[in-house]
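The sequence and the model are shown first, and a description by topic follows.

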Amino acid sequence: MKVCFIYREKRETGFSIEEVFKNVRSALPLEIEQQEFKLDRGIGIFKNIRRLKRIDADIFHITGDCHYLALFLPTKYTVLTIHDIRNVSVYKGIKGYTYRLVWFWLPLLKLKHITYISSFTKKSVAERFKINKGCVIHNPLTIKFNFSPRNEINKQVQILQIGSTENKNIEKLIEAVKGEKYKLLLVRHKSEKIQSALERLGIDYEWYTNVSDKELFELYKKCDIVFFASTYEGFGLPILEAQKFGRPVITSN
């Protein structure tokens, strides 16, 4: 059997989908042949579709964030993983209607095999699109952590925050720590606006971008608390990672 794993285009930030499926693929039996297909942002949608249709595979698995490709693949032999529906409320007007149609309505109606990374995502899809099919398969840990409790807290309490998108709620974290002697360990894409706010309020911080698994491991080990109080989240792997490592988590519902 040959399985083709289909990935969104390469991005400067946001690698959770790729990391999750790296773990999934490593657990597959050796007799299953694997192939990768990655969208190429530089050649346009139609050339990408033509590239994809030339691939000969028994199963196609759309790993997420490029749902519309399901429309060009065999119905019975295509699996779609849905991570969240956050952007449904972001896009408005014609753009919003088109996005909902090609990203959710048509793929959901067409495919028989759909997976969701959380019960929350499955429930959100069912409520928004009135289509209740598929099953929940939770995300696995993407890094092999060992429980590593701290014997004592840093003299300056260090709070680890991971993620660059607006829903990660860093503005509320900044508001919460201003005037206090905490240090923020920020694993995110650099932002002049955020950096300016931190410096204006005199908040101590360290910025980390493009961190490796080893570097992220060391940051979990270094911190006292993990902040992951998102305003919206399909799953939230850092919560799981922090708890596996033995760090308390400030989160949201």
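Does Arg25 count as buried or exposed at its relative accessibility? At 14% relative accessibility, Arg25 counts as buried, where buried means under 20% relative accessible area, exposed over 50% and partly exposed in between, with a 1.4 Å probe and protein chains only.

## Basis of the report

This is a predicted model, in which local features need pLDDT of at least 70 and side-chain atom pairs count only at pLDDT 80 or more, while totals for chains, interfaces and linings use all residues. Residues are numbered from 1 along each chain as its sequence is written, and side-chain values use heavy atoms, without hydrogens and water.

The structure holds 11 salt bridges, each being a side-chain nitrogen of Lys or Arg within 4 Å of a carboxyl oxygen of Asp or Glu. Side chains of opposite charge can pair when their charged atoms come close. Arg25 forms one of these bridges with Glu36, with 2.9 Å between the closest N and O atoms. Because Arg25 lies in helix α1 and Glu36 in strand β2 (residues 33-38), the pair ties together parts that are 11 residues apart in sequence. Glu36 is partly exposed, at 41% relative accessibility. Helices (H or I, at least four residues) and strands (E, at least two) are DSSP runs, numbered from the N terminus.

A salt bridge also joins the side chains of Glu19 and Lys22, at 3.2 Å from N to O. These two residues are 3 residues apart in helix α1 (residues 16-26), which means that about one helical turn separates Glu19 from Lys22. Both are partly exposed: Glu19 has a relative accessible area of 22%, and Lys22 has one of 44%.

## The open sheet

An open sheet is formed by 5 strands in the order β9-β8-β7-β10-β11, with parallel pairing; two strands pair if DSSP finds at least two bridges between them. β9 (204-208) and β11 (249-251) stand at the edges with a single partner strand each, so one side of each has no neighbour in the sheet. From one strand to the next, the twist averages 20°.

Strand β7 (residues 158-162) pairs with β8 in the parallel sense over 5 bridges. Helix α6 (residues 192-200) packs on the sheet and touches β8 and β9, its direction making about 160° with that of β9. Axes are lines fitted to C-alpha atoms, for helices over the stretch in contact, and angles run from 0 to 180 degrees between N-to-C directions. Helix α8 (residues 237-245) lies across β7, β10 (225-228) and β11, and runs at about 160° to β11.

Lys183 in β8 is the bridge partner of Gln158. Lys183 also forms a salt bridge with Glu206, the closest N and O atoms being 2.9 Å apart. Since Glu206 lies in strand β9 and Lys183 in strand β8, this pair ties together parts that are 23 residues apart in sequence. Lys183 is buried, with a relative accessible area of 13%, whereas Glu206 is partly exposed at 22%.

Tyr182 lies in the loop between α5 (170-177) and β8 (183-187), and is partly exposed at 29% relative accessibility. Leaving aside neighbours within four places in sequence, Tyr182 is in contact (heavy atoms within 4.5 Å) with Gln156, Val157, Ile159, Val177 and Asp204. The C-alpha atoms of Tyr182 and Ile203 are separated by 7.4 Å, although the two are 21 residues apart along the chain.
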